[in-house]
Amino acid sequence: MSFSDLYVFVLAAFVGYQIITRVPALLHTPLMAATNAISGISLVGSLVAAGSDRNTLSTVLGVIAVTAAMANVVGGFLITDRMLSMFKRATPSKPN
Amino acid sequence: MNREVVSQLAYLAASILFIFGLRGLTKPDKARRGMMLAAIGMLIAIIGTLVKTEIISYGWILVGLVLGSLIGYPLGVWVPMTAMPQRIAFSHMFGALAATLVGVSEYYTDLTAGHGIGVAKMSALAFEVLFGALTVTGSFVAFGKLAEFLPGRPVTYRGQNAVNLVLAAIAVVLFVVVVLNPEASIAFYAMLVLATVIGLFLVLPIGGADMPVVISLMNSYAGLAAAATGFAIGNDVLIIAGALDGASGFILSIVMSKAMNRSFGNVLFGAFGSAPSVATRSAEGLAVASITAEDAALQLAYAHSVIVIPGYGLAVAQAQHQIRELADLIEKNGGEVRYAIHPVAGRMPGHMNVLLAEANVPYDRLYEMEEINSRFEETDLALVIGANDVVNPAARNDPSSPIYGMPILNADRARRVIVLKRGMSPGFAGIENELFYAENTSMLFGDAKASLQKLIAEVKAS
């Protein structure tokens with residue numbers, strides 16, 4: 001861990017704040033499903049724990065973590081898309 | 001090119017795609033494409049990890065990936081939209097579980113390998129495990145309450161706050177002990193266990209109606225735990241995704257708490273008071289005007305402008321399709337139908353919008369509270385279905401009311417109001433609603449779905 005990690009965190013949180021305050025309440029449920037899917041990024045940690053043959057405990061915990069994170073990735077992206085596909089306009093949107 | 005460089009570039013690409021993905025959600029018509037980008041980002045990140053030199057065996061990884069996909073597929077495709085809140089709570093549990101287990105694995109590995117753990121890394125690990133474990137059990141309780149296998153009412157006992165404070169204090173002490181002395185593995189595992197208990201105690205006292213805040217808060221905590229994982233293992237894409245996730249949950253918590261008239265501090269510390277159950281203004285001596293479906297249908301058929309105010313009762317009655325059918329008929333008669341969506345109309349942020357979209361209500365007919373509140377004065381008819389506290393004028397004009405100050409939909413300012421309601425029971429906050437006794441309000445009693453079906457038949461006949 002280094003100070004640059006802290007910069008990354010603060011800047012990412014700032015970008016996140018700027019973007020997410022602009023998400024309309026209309027899409028708050030898909031937003032939460034989407035961040036769920038993105039939280040599956042803990043795969044990058046769990047894959048290493050599961051596959052680097054460090055010790056048995058690490059492998060076991062790693063495999064459970066991979067399973068849980070992958071379930072969020074697959075389920076999260078599928079359900080977000082399923083929800084978003086239901087949002088339709090009454091009048092076709094004006095061409096920009 | 002060196003494998004580590006490949007990984008780092010993959011993570012950079014993934015981070016950018018995640019941000020683009022979330023940005024897509026600011027526009028309903030760009031959202032699906034945005035999420036496609038985020039999914040591609042995830043794929044790139046996974047591949048970028050699998051090429052790392054540290055990974056030497058792929059057998060167990062494959063088992064986990066396949067198993068996870070098998071669990072995730074039904075969670076994505078088969079779960080009905082009404083069950084979305086509990087499904088999301090369930091996912092928060094999975095996300096936090098993954099973060100917690102990675103933390104434990106990392107700690108155990110470093111400890112058994114004999115090389116010390118620095119203060120910074122240890123702090124990140126301890127934070128990760130504390131917040132992760134708390135979110136696992138907290139989300140599980142939320143899931144149980146929403147799926148109704150745990151009691152939805154608040155579970156409270158005397159001295160609850162004192163017990164929770166003591167537990168939190170012990171957790172903080174253990175945190176400090178293990179950060180100062182990473183070898184103290186008993187403190188580490190004790191903190192882990194304690195965090196799971198705190199998670200239980202934090203959410204058990206919270207009632208079903210407060211779940212939108214809880215889910216948002218758990219979303220934020222799961223994100224923070226993921227970001228802490230990133231700090232612990234020095235992985236920037238984890239830090240970025242965790243920060244985005246944390247920010248999102250945090251913002252939604254604020255939005256929800258404002259909509260429920262709870263203070264910001266209340267949300268941060270999870271100290272949700274149970275709503276007072278005293279009726280401030282007695283309903284005695286006030287008369288309710290009830291209306292028949294026939295008369296109500298007549299008013300609907302000739303209204304030029306109608307605003308529908310759906311509440312959770314509509315979702316419980318599964319009457320979203322009926323309301324859309326009725327709206328279609330009103331529109332055929334030349335009336336205009338809009339929907340006013342209060343932020344806490346469902347059991348999680350934005351839930352009502354999804355339920356109505358599923359029933360083929362076009363999203364450009366769905367209006368947020370701020371957009372539509374000034375429009376009630378010029379509206380012929382407000383149709384309130386299964387909503388109560390969110391249309392209670394006491395929030396505006398009765399300083400002694402427990403919901404005073406809560407933002408509400410100004411249904412009472414419409415020329416006529418028709419309220420579909422099962423009986424005269426008070427809302428979640430347990431208080432009388434003056435709207436029901438107002439001069440321009442008529443009550444249509446009965447099950448929401450049955451009443452709507454009657455209205456549809458009557459409007460068709462008129």
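How many salt bridges does the structure hold over all chains? There are 14 salt bridges, a salt bridge being a side-chain nitrogen of Lys or Arg within 4 Å of a carboxyl oxygen of Asp or Glu. Side chains of opposite charge can pair when their charged atoms come close.

This is a predicted model, in which local features need pLDDT of at least 70 and side-chain atom pairs count only at pLDDT 80 or more, while totals for chains, interfaces and linings use all residues. Residues are numbered from 1 along each chain as its sequence is written, chains are lettered from A and ligands numbered from 1 in the order in which they are written, and side-chain values use heavy atoms, with hydrogens and water left out.

**Stop 1: two helices**

Helices here are DSSP runs (H or I, at least four residues), as strands are (E, at least two), numbered from the N terminus.

**Stop 2: a pair between chains**

Select Arg89(A) and Asp364(B), a salt bridge whose closest N and O atoms are 3.9 Å apart. Arg89(A) lies in the segment after α4 (56–84) of chain A and Asp364(B) in the loop between α14 (351–358) and β3 (366–368) of chain B, so the pair joins two chains. Arg89(A) is partly exposed at 35% relative accessibility, and Asp364(B) is buried at 19%. Buried means under 20% relative accessible area, exposed over 50%, and partly exposed in between (1.4 Å probe, protein chains only).

**Stop 3: pairs within chain B**

Go to helix α13 (residues 320–332) of chain B, where Arg324(B) and Asp328(B) are four residues apart, about one helical turn. Their closest N and O atoms are 2.9 Å apart.

Next select Asp380(B) and Arg415(B), whose closest N and O atoms are 2.6 Å apart. Asp380(B) is buried at 18%, whereas Arg415(B) is partly exposed at 47%.

**Stop 4: a network**

Finally, select Arg54(A), Glu106(B), Asp110(B) and Lys121(B), which are linked in a network of salt bridges.
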